[in-house]
Structure formats: C-alpha cells, structure tokens
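Thank you all for making the time this morning.

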Amino acid sequence: MSVTLLSSPLQGFTDFRFRNAFHKYFGGIDTFYAPYIRLNGKMVIKNSYQKDLQPENNTTLEVIPQVMTGDADEFLFVIKYIQSLGYKELNWNLGCPYPMVTKQGMGSGLICNPEKIDHILKRAHEETDVVVSMKMRMGYENAEEILDVFPILDKYPLRNIAIHARIGKQLYKGGVDLDAFQKCAESTKHTLYYNGDITTVAKFQEMKERFPSIDHFMMGRGLIADPFLPSMIKNNTTKYPKDRWKIFSEFHDTIYRQYDEALSGPTPIKMKMRGFWEYFALSTSNPHKAFKKIKKANNPRAYQQAVREILNNE
C-alpha cells in the first residue's frame with residue numbers, strides 16, 4: 001500500500017513561504033494544509049490569510065485551506081472566499097487545543113457539541129457544493145467525546161477525518177492514545193488519517209504496523225524538527241543525504257530572507273526564527289546548546305553567526 005504524507009497546519013509556521021521552500025529543498029509531502037482562517041465575528045479575510053492562499057503563492061504544490069470557527073455564517077463566508085480563489089475543499093479545524101480557542105467553543109472545544117457541528121455541516125452541504133474535510137482531536141476532556149460525534153459526521157459526504165490521537169487538554173504533552181484512535185477507526189464509515197508524534201522513520205513504521213488500514217499520515221511538529229523525515233519515510237530509509245546540512249542551510253537562508261523582507265524590523269524576524277529553531281535545534285547533535293546560541297543572538301549579524309556556528313559544528 002502506498003503512503004500519502006500530509007503537512008499538518010501549524011499557525012505561525014507553515015505559511016506559503018515555508019511550504020514552498022520545504023517542497024523545493026526536501027519534498028516528501030503530498031498535500032499541505034494551510035494554517036486556519038479565523039474571523040472572530042468580523043466577515044473580513046485578513047491580509048495575511050489572503051496572501052497565504054493566493055494561487056500565485058501556491059503554484060507548485062497542493063494546498064487545502066482550513067477554517068477555525070463555531071459559527072455557520074462564518075463557515076459559509078469562508079467557503080465563498082476560498083471558492084473564489086479556485087479551491088474546492090475546506091478543512092474544518094476541530095483540533096486546536098489552546099484554551100484561548102477552546103474556551104470560545106472552537107477547535108477541540110467544539111467536539112463536545114454534536115448539535116452545533118451538525119448545524120454547521122448541514123448548512124455547508126445544503127447551501128454550497130464545497131468538499132468538507134475535518135481535522136480533529138479525540139475530544140477536549142476525554143477521548144469518548146469524538147465517539148458521540150461520529151453518528152453526525154457519518155450523515156455527510158466528508159472527504160476524510162484527520163485525527164490527532166490526543167485530547168485537547170493535553171495540549172502536546174503526554175503520549176498519543178493509540179487504543180482510542182483504534183476505537184475511532186472502528187466507529188466511523190469515513191476515511192481516517194492518522195496524526196500525532198511521527199518524529200522518526202521508526203515511529204512512522206510503528207504507526208503503520210499498528211494501523212495497517214491507514215494510508216494517510218499527517219505530520220506537524222515532526223516535519224519542522226526534521227525536514228528530511230517525509231522523504232526518508234517515502235524512500236524507506238534512515239540515511240540522510242551526504243550534503244544534509246548544506247541543503248538545510250540553503251533552506252534556512254531562503255526562509256530567513258523571505259521572512260526578513262516580509263516582516264518589519266529586527267525584533268519580528270528574531271522572534272519568527274527563534275520559533276523555528278525551537279524545532280530545528282532538535283535535529284542537531286546538541287539541541288540545548290544550539291537553541292541557547294539562537295536565544296543569545298540579539299541582532300541579525302549575531303543570529304547569522306550563531307546559525308553558521310551551529311551548522312559548521314554538524
């Protein structure tokens with residue numbers, strides 16, 4: 001069975017600049033999900049969302065837009081917007097675990113409300129011809145919540161349901177619950193995608209063996225921490241390219257340059273790259289030391305010097 005690999009959307013990380021550079025230098029991802037559009041009650045699409053989804057910024061890869069909402073009118077508004085750009089599928093985020101989202105009845109905080117989920121999906125399918133897919137956790141408080149939602153979801157022709165095998169209140173702590181994911185696979189007619197803790201080739205093989213019927217796997221933090229991982233999974237190898245760090249360096253310089261042009265001033269680019277290095281550092285031989293160097297770099301020249309030192313050390 002051939003495997004399809006998908007990039008999970010990570011707010012603040014996987015925008016079009018990252019996606020395009022990743023695709024060029026590493027490959028291995030078949031479909032990228034764009035970070036969610038969130039309206040906050042105003043029927044306006046922010047400039048950053050517009051730029052991220054513009055077709056001219058996404059010419060070389062398959063991208064699926066995502067929405068974060070608990071409101072049917074907002075859902076329909078976003079559908080019309082993405083369809084105006086030529087997109088045919090909208091992914092609905094019922095996975096975000098962060099309290100500022102869940103307390104407002106969105107993300108994984110909406111899973112405990114099957115009636116509202118039903119209402120929004122009903123309107124989307126009756127009033128538009130968009131294809132809907134889902135990105136979910138197994139619940140917010142407990143992994144049984146999703147089981148009460150499946151009878152609702154089974155009423156609709158969803159393209160798929162990608163399930164991160166944790167509950168919302170875990171955030172990203174603790175392990176994934178593979179037994180609960182297995183229960184999900186036995187409780188719905190829909191195609192499920194697996195998401196959660198695919199951080200090495202061995203970990204992927206473990207998930208593949210555990211769930212032989214699953215052929216779509218979603219990767220989030222693991223693919224930022226080790227950008228070579230998707231292509232290594234596809235090629236069934238644990239060997240890195242001989243010029244691993246040269247490729248990474250070119251990738252890094254590409255996204256640094258593009259973010260530096262897009263952001264105003266030294267502080268935003270410093271914070272942006274520091275966020276990436278929380279993950280990049282994990283692939284170095286001394287993650288703590290590498291990230292410490294990045295944190296100490298307080299201006300662009302010091303940052304570039306820190307990056308060169310880290311990469312030369314590898």
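What we are looking at is a predicted model, in which local features need pLDDT of at least 70 and side-chain atom pairs count only at pLDDT 80 or more, while totals for chains, interfaces and linings use all residues. Residues are numbered from 1 along each chain as its sequence is written, and side-chain values use heavy atoms, with hydrogens and water left out.

Let me start with the pockets. As a general point, rolling a probe the size of a water molecule over the atoms shows where empty space is left. Here the search runs on a 1 Å grid over the protein atoms alone, and a pocket is an open set of points with protein on both sides within 12 Å along at least five of seven lines, whereas a cavity is a set of points where a 1.4 Å probe fits but cannot get out; a lining residue has an atom within 4 Å of a point. Grid points are joined across faces, edges and corners, and a volume is the space filled by probe spheres set on the points.

The largest pocket has a volume of about 660 Å³, and of the 32 residues that line this pocket, Pro9, Leu10, Tyr172, Arg221 and Tyr279 are the closest to its centre. Its lining divides into 15 nonpolar, 12 polar and five charged residues, where Ala, Val, Leu, Ile, Met, Phe, Trp, Tyr, Cys and Pro count as nonpolar, Asp, Glu, Lys and Arg as charged, and the others, Gly among them, as polar. At least two lining residues come from each of β9 (216-219) and α9 (221-225), and α9 gives the most, with three; helices (H or I, at least four residues) and strands (E, at least two) are DSSP runs numbered from the N terminus. Domain 1 (4-235) and domain 2 (243-312) each contribute at least three residues to the lining of this pocket, with the domain bounds coming from an automatic or database domain assignment.

Which residues does UniProt list for "binding site"? The unreviewed entry gives Gln66, Lys135, His164, Gly220 and Arg221, and the lining of the largest pocket includes Gln66, Lys135, His164, Gly220 and Arg221. UniProt positions are given in the numbering used here, feature names are shortened, and annotations may be inferred rather than shown by experiment.

Lys135 is found in strand β6 (residues 131-136) and is buried, with a relative accessible area of 8%; buried means under 20% relative accessible area, exposed over 50%, and partly exposed in between, with a 1.4 Å probe and protein chains only. Leaving aside neighbours within four places in sequence, Lys135 is in contact, meaning heavy atoms within 4.5 Å, with residues including Gln66, Trp92, His164 and Asn195. His164, in turn, sits in strand β7 (residues 161-164) and is buried at 6%, and with the same exclusion of residues up to four places away, His164 touches Lys135, Tyr172 and Asn195, among others.

Cys96 is placed in the loop between β5 (89-94) and α4 (99-102), and counts as buried at 8% relative accessibility.

The second largest pocket holds about 330 Å³ of space. This pocket is lined by 20 residues, of which Gln11, Asp15, Ser48, Tyr49 and Asp52 lie nearest its centre, and α2 supplies the largest share of the lining, six residues.

Finally, the cavities, of which the structure holds two of 30 Å³ or more. The largest has a volume of about 60 Å³, and its lining includes Tyr256, Lys270 and Tyr303, with the largest share, three residues, coming from α12. About 50 Å³ of space lies in the second largest cavity, where helix α11 (residues 244-262) gives the largest share of the lining, three residues, and where domain 1 (4-235) and domain 2 (243-312) each supply at least three.
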